[in-house]
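Please keep the sequence and the model in view while reading.

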Amino acid sequence: MVIEIKKTNTGRRNRRMLWGTLGLAASLSGARAGAQQPNSIMVASASGDRDTSADNELLLAGDFIVFTASKTAQRISDSPAAVTVITAEQIQQSGATTIAELMRSVPGVDVMEGNRSQANLAIRGFNNPFSNGVLVMIDERPINVDLQGNVFWNTEPLLLSRIARIEVVRGPGSVLYGADAFGGVINIITKTPQELLAAGKRTSATAAYGEHSSTFIEAANTQGKAGDWAVTVGAGYHGTSGFGERRTGDVRDSARVPILTVDAQKQISRGTLTFSASSADAVADFSPSIMISDMKWRTNSLMLTYSENQGSAPLTARIYRNSSRADGNGFDFNVQVLNVDLQQSRRISSRHHLLYGASFRHGEFQSSLTGKDTHPQEIASAFLQDQIEIDRMTSLFAGVRWDHNSIYPSQLSPRLSLVRHLPRSQSVRFSYGSAFLAPTQINSYEDFSAEVTPGVLFEQTGNMHLKPQKVASFEVGYRRDLEHGYLGVNLFQNTVTDIFGNNTIAFAPPPFPEGTPLVVQWANQGSAHAAGFELESGFLSARGIHGLLNYSYQNVTDDQGEQVDFSPNHKINLVLNTDESRRWTGYLAGHFVGESQARPNTLRAYTTLDASIGYRAGSAEAPWKISLAATNLLDDRHNEYVGGPSSVSQRRTSWLRVDGKF
């Protein structure tokens with residue numbers, strides 16, 4: 001793919017680059033992005049190898065193309081929201097084996113691991129053991145499980161070696177994505193079969209073994225005809241005995257997760273037809289706040305996408321089915337989702353570029369926590385976004401989305417974002433938006449009881465009259481692209497209302513202490529406020545070292561002025577990595593996370609260090625890489641969650657790893 005990038009606002013440079021990532025962004029969006037932008041982008045198809053080192057260079061130069069913030073392909077500096085990108089090269093060099101490890105370096109992202117069985121992510125505060133305020137997608141297919149709206153990361157059928165990049169959008173995203181895009185969106189974009197075929201290395205393999213009896217194996221093979229059809233079959237096994245090592249009396253946080261994926265791509269007269277399937281039949285412990293050993297998990301997905309990128313009105317149509325089942329020791333759930341969505345972009349004048357779409361979602365779920373009945377849910381939605389070119393240097397994104405749910409009232413989610421380009425490769429952004437967090441199936445239908453003493457039952461019940469939790473957000477962003485890097489700052493203020501919480505209906509009789517809840521019900525309770533800023537920079541040293549440095553501050557308080565749990569005030573990240581083309585490669589990431597509350601406890605501040613060193617053998621056409629990697633290298637024994645027997649201190653995990661392409 002040949003990309004010509006012209007910067008007309010500064011006249012600094014015109015360059016031609018070979019870069020396949022833009023092809024993925026363009027095909028996903030189905031739109032010719034940037035014709036209305038001050039920095040125009042012109043895309044022409046061609047085959048070639050995808051250079052991940054070039055991705056990092058483009059990221060530092062401000063020319064990296066992102067998609068998720070507006071559903072159209074555009075430079076980061078043109079985006080209507082704060083975006084961070086993790087490239088395939090960064091993933092490979094880090095030696096990371098989980099998404100949570102990668103997210104620790106992203107400004108504004110809170111990561112909480114109570115143990116190895118379950119990670120939880122939040123953006124700009126409000127983390128918890130079942131965090132559900134971030135929409136997570138794989139190639140635009142949401143993977144949040146409807147039962148509680150969270151993501152079961154360790155049993156998700158995802159091959160890290162197949163990831164092309166991860167886009168993290170901070171701030172409300174309901175205007176385009178609806179419920180769950182409350183604090184932000186994480187879009188995991190995988191390499192397409194045609195990209196893998198064009199790279200010329202049809203087979204890739206990764207094998208690693210680490211502490212805590214950890215195993216990480218992934219392999220993929222691609223066959224096909226360039227420009228016509230291609231099929232990629234992938235398989236993997238992710239396993240660990242966890243920090244508890246399956247010892248009697250210790251936390252149970254082990255997992256054995258076999259993964260199978262199939263992706264097929266066919267070029268047709270006006271676009272591309274893509275089929276994707278993934279499956280994981282896992283046995284994994286479930287220990288976020290309670291311990292359930294050796295649960296059986298089955299996670300499957302099917303997706304068919306038609307992307308028509310020819311003509312003046314590109315079109316994307318998608319249908320997918322998600323299936324999530326788990327069963328173990330009296331706790332089970334079964335969630336089935338079928339979703340159809342359609343979107344199209346159209347330039348209606350020289351100043352207006354419309355993006356519009358609609359979707360319908362049908363879900364059914366059953367769980368031991370909600371009784372024996374199967375509960376249906378249907379959601380119909382439509383959105384409209386107008387990207388208005390006010391002048392050659394200024395764009396206004398104006399959008400709104402309507403969501404109608406069979407359980408809760410219809411919701412409108414607006415967004416206005418003004419992007420202004422300044423001299424010397426600078427840009428500023430002013431944004432207002434709102435988003436909502438839908439009541440989950442647990443919030444609505446929970447029917448749980450447990451005998452605390454003979455004849456006395458503790459009960460927790462759902463509430464069919466809950467209103468969605470809402471956030472209104474104001475944000476100001478600034479970015480300056482430098483010759484070998486960038487500087488950025490984002491300031492935000494969020495107001496959250498109708499927060500989900502437990503309302504006590506009845507109290508326990510004596511001899512229980514006065515005020516002991518006996519019957520509780522989900523309810524909308526109070527509000528909260530979050531304000532803060534994120535400073536971030538990227539740089540390239542004279543020795544070819546890529547660097548990222550960011551600092552995040554957030555002050556998250558409830559309506560009583562008290563600090564909200566699991567929302568640390570301060571976070572600092574420093575990441576250094578060498579160019580992947582070298583024989584010897586290195587990666588070093590330091591993370592500082594300040595003190596946070598977990599009432600009635602306080603979680604101490606901690607500092608961790610992740611590192612990897614590798615040696616590339618073989619030719620550039622068929623490279624093999626041997627590396628040593630470690631997360632929490634200094635073995636800082638800190639706790640990221642306090643709440644029952646499942647909470648343990650973090651441990652170091654060292655790996656010996658081999659990667660190859662041929």
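In this predicted model, strand β15 (residues 229–240) runs antiparallel to β14, and eleven bridges connect the two. Within this pairing, A230 of β15 lies opposite G224. The two strands form a hairpin with three residues between them, and G227 in the turn has a positive phi of about 75 degrees.

Strand β14 (residues 214–225) also pairs with strand β13 (residues 203–210), again in the antiparallel sense, through eight bridges. Here Y209 has T215 in β14 as its bridge partner. Three residues lie between the strands of the β13 and β14 hairpin, where H212 takes a positive phi near 60 degrees.

Another part of the model holds an open sheet of five strands, which follow the order β6-β11-β12-β9-β10 with mixed pairing. Strands β6 (82–87) and β10 (141–142) each have a single partner strand and stand at the edges, so one side of each is left without a neighbour in the sheet. The partner of β6 is strand β11 (residues 163–170). These two strands run antiparallel and are joined by six bridges. One of the residue pairs between them links T87 with R165 in β11.

| Strand pair | Bridges |
|---|---|
| β14 and β15 | eleven bridges |
| β13 and β14 | eight bridges |
| β6 and β11 | six bridges |

Technical notes
Residues numbered from 1 in each chain as written. Predicted model: local features only at pLDDT ≥ 70, side-chain atom pairs only at ≥ 80, totals over all residues. Heavy atoms only, no water. Pairing = 2+ DSSP bridges. Helix = DSSP H or I, 4+ residues; strand = E, 2+ residues; numbered from the N terminus.
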